[in-house]
Amino acid sequence: MTDVSMESAAPRGTLTTVDARTKKRNAAEKRFRAYGLTAIVIGLFFLVVLAVSIIRSGLPAFTQTVVEVEFTLTQEQFDEAESQLLKTKAYENIFIAALQSQLEQRGLNVAFDAAAIERLLGKTGGTIREYFRANPDRIGTPVSFELAASSRVDGYFKGRVTRDSVVDSRFLMVTDLDLVDALYDAGIIKSAFNWNFITGADTGVDNPGGAGIGVAVIGSFFMMLVVLVLSLPIGVAASIYLEEFAPKNWFTDLIEVNISNLAAVPSIVFGILGLAVFIQFMHLPQSAPLVGGLVLTLMTLPTIIISTRASLKAVPPSIREAALGVGASKMQTVFHHVLPLAAPGILTGTIIGLAQALGETAPLLLIGMVGYIARAYPEGVVSGFIDPNSAMPAQIYTWAARADAGFYEKAWGGIIILLLFLLTMNLIAIILRRRFERRW
Amino acid sequence: MSVKLSVSAAAIAAVSATSAMARDNVQIAGSSTVLPYASIVAEAFGENTDFPTPVVESGGSSAGLKRFCEGVGENTIDIANASRAMREREIAACAENGVTDIIEVRIGYDGIVFASQHSGPAFNAFVPADIYNAIGAQVMKDGALVENTYETWAEFNADLPDAEIAMFIPGTKHGTREVFEEQVLLAGCEATGAMEAMIAGGMSEDDVEDACLDVRQDGKSVDIDGDYTETLARIDANTNGIGVFGLAFYENNTDTLKVATMSGVAPSTETIAAGEYPVSRPLFFYIKKAHIGVIPGLKEFAQFFVSDDLADPSGPLAQYGLVSDPELAKTQQMVADEKVMGADM
């Protein structure tokens, strides 16, 4: 009896036996999971390709082929060089002569002359002059220098330049490479970690060996300072007012729509605005990190306002009601209870907004940050804001456009450094969120 | 929050107060062709003198001259770089804003070269007429003026390879385009007889010139608005592509590029200086005389730029690819005397 009723009650099978419709549903779910997994795999694949190509092209920028030579500068040579117009060239010639005589003493079995040595060396005069001007007591004593080799010799050790590819070049002869090999065996030419790339300033187009991104990092730092100091208070104040105090009417609706729109405006538009308002109308200095910061502030504000409003909304109304219920004023409610609870979300939004601003190039093109700008460290805090300086992405853009392949490599190296900064900022955002976020 | 707001307001006030302070570095903007040379000189100037290193911005000749003509004062630039001479219209715009005494300095010449992929077909017998036949909008075919339908170079010149036409030429915002039009397209238009045919067809002289500069729009000729690096990338991707480059850029990339000879002459600083290679143009910078004595180091920088140590054929500028000016001594004298444009020579 019971058997019969069981059978009639379960015409479409039981939980243990799988019928055709369940099979179909399960298959659909399986397919959907497979699609999702494929999407992630494709995404990861592109990420890996991107990371590998960036690292492969950029890592060579962190090493530099150097020529290590000990030589003595006499007082007469120093005075003679200082009396010239192009003093650095005079120092270079002294260095070349010293290297040449040392090589002749060593008796290398490769023919060479001063011109060949000159082709091997990068621009070295500036470093030598700076050193002896700072340490006049070292004149007359032997000093060991590690100076950058020329861009093509550097490329030879990094595989960028081969014996075949220098055939048409007037910057390096194929026979020079025999000398390079001999010097490498003698330990005079070697590869060294390029600290100067991380700490140095930009250089002229004929000196890729001396170029560094350090000054542009400082420029970016001052810009981010401006963005933080302006966009955080303005953005948070605007969101608190809109979220907690503003009446709901067509005017606040209009503002809301505009903020969402601004977040989607292409960044170059902010650059054009910045050029017209800050430089042409307000006469703020050209190429200054202050102006760059102001422009990026405009760009970052919508991001910060939107994320702040979202985190204010996420604070449960019961908290507000409890505070109001025990007699707190509206403002006390907001500042004592709502804002602290929303702070982690606000911070995360701010950091992500800053990271976005840090990598932005387009608006900086218009306010004069591209060219030969990041040429010296600022002298102080005020000078850091108003003296012409570049920023990391603008510096990368500048390098990528230069003729010498040595700069192209530097551009990729710059991308690695920029990515490291972005990664750190995003990591901080994630950690902050993990640590302080509360869920209800 | 209010504390932070007032802090930032104070910071802005402090900064704007100091921006009224005297500027002590020379500011330069303009042509991206002159930029490499200006950056070499600026770096050397900073290394060799006690003046701060000048700032050199990029942006193009026209944009640079426009900013140059915005007026006199510390928040305007001191020097404009240009890959062409200043136009009458620009001089007038300058004068309107009170920029009247301008010193024109010619720093040397830049060669314009045609180059293709290193492993691609060799182009060794170019004359301007070939370029015009390849990319002109209307060309002579069998004695008649027709729309350009040439597909390969060999169709109109048997000495050239049977390769598809693919030219990458500088966009109209580049100063290089003007030189390309005048010295290549116009010359080619005349040499092929297209110009004569157009005049015979009853066109006015201005219309003929415009028609000669018209470039075919069917994709065989591509305008490049970016830098030479963009042209290089396009050539890299196209075996038959021919791009227009500056001499210095080509010489720095001889491993990937192969140069085409023009009228049988290969471009080099020597052949251009001797006038054998036909396509070159002078490079200039313009100094605001009113800023000399106000901005420290301005005149010294200009003199340094054109000094024998830097600008003569053995100096670093020529090393990089600038064709030295044979009349350098005259230019040096002119800078020393601060002789302005329009003054009696």
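The radius of gyration used here is taken over C-alpha atoms, and the globule rule is 2.2 Å times the number of residues to the power 0.38. This is a predicted model: local features need pLDDT of at least 70, side-chain atom pairs count only at pLDDT 80 or more, and totals for chains, interfaces and linings use all residues. Residues are numbered from 1 along each chain as its sequence is written, while chains are lettered from A and ligands numbered from 1 in the order in which they are written.

**Stop 1**

Select chain A. Its radius of gyration is 32 Å, whereas a compact globule of 440 residues would have one near 22 Å. Along the principal axes, the C-alpha atoms fill a box of roughly 110 × 65 × 35 Å. Colour by secondary structure: chain A has 19 helices and four strands. Helices (H or I, at least four residues) and strands (E, at least two) are DSSP runs, numbered from the N terminus.

Now colour by burial. A residue is buried if 20 or more other C-beta atoms lie within 10 Å of its own, exposed if 12 or fewer, and partly exposed in between, with C-beta atoms placed from the backbone. Of the 440 residues in chain A, 40% are buried.

**Stop 2: the annotated spans**

UniProt positions are given in the numbering used here; feature names are shortened, and annotations may be inferred rather than shown by experiment. Select residues 217-429 of chain A. An unreviewed UniProt entry places "domain: ABC transmembrane type-1" there. This span is 78% helix and 1% strand, with its end C-alpha atoms 21 Å apart.

The unreviewed UniProt entry also gives "transmembrane region" at several spans of chain A, including 34-55 and 288-306. Residues 34-55 are 100% helix and 0% strand, and the end C-alpha atoms lie 31 Å apart. Residues 288-306 are 95% helix and 0% strand, with 28 Å between the end C-alpha atoms.

**Stop 3**

Select residues 289-313 of chain A. This is α13, with 25 residues. From first C-alpha to last, α13 reaches 35 Å, close to the 36 Å expected at 1.5 Å a residue (the expected span is 1.5 Å times one less than the number of residues). Where does α13(A) bend? Go to A:Thr300: the bend there is about 35 degrees, and A:Pro302 follows within four residues. The bend is the angle between axes fitted to the seven residues ending at a residue and the seven starting there.

Step back to the loop between α12 (267-281) and α13, where A:His283 is found. A:Ser287 is in the loop between α12 and α13 too. Most residues other than glycine have a negative phi. A:His283 has a positive phi of about 60 degrees; for A:Ser287 the positive phi is about 55 degrees. Is each buried or partly exposed? A:His283 counts as partly exposed because it has 15 C-beta neighbours inside 10 Å. A:Ser287 counts as buried because it has 26.

**Stop 4: where chain B meets chain A**

Show both chains. Here 44 residues of chain B are in contact with 43 residues of chain A; contact means C-beta atoms, placed from the backbone, within 7 Å. On the chain B side, the largest share, ten residues, comes from α2(B). That side divides into 20 nonpolar, 16 polar and eight charged residues. Ala, Val, Leu, Ile, Met, Phe, Trp, Tyr, Cys and Pro count as nonpolar, Asp, Glu, Lys and Arg as charged, and the others, Gly among them, as polar.

**Stop 5: B:Gly243**

Select B:Gly243, in strand β9 (residues 242-246) of chain B. B:Gly243 is buried because 28 other C-beta atoms lie within 10 Å. Residues that B:Gly243 touches include B:Ala115, B:Phe168 and B:Arg234.

How values were computed: Contact = placed C-beta atoms within 7 Å. Lists of a residue's contacts leave out its neighbours within four places in sequence.
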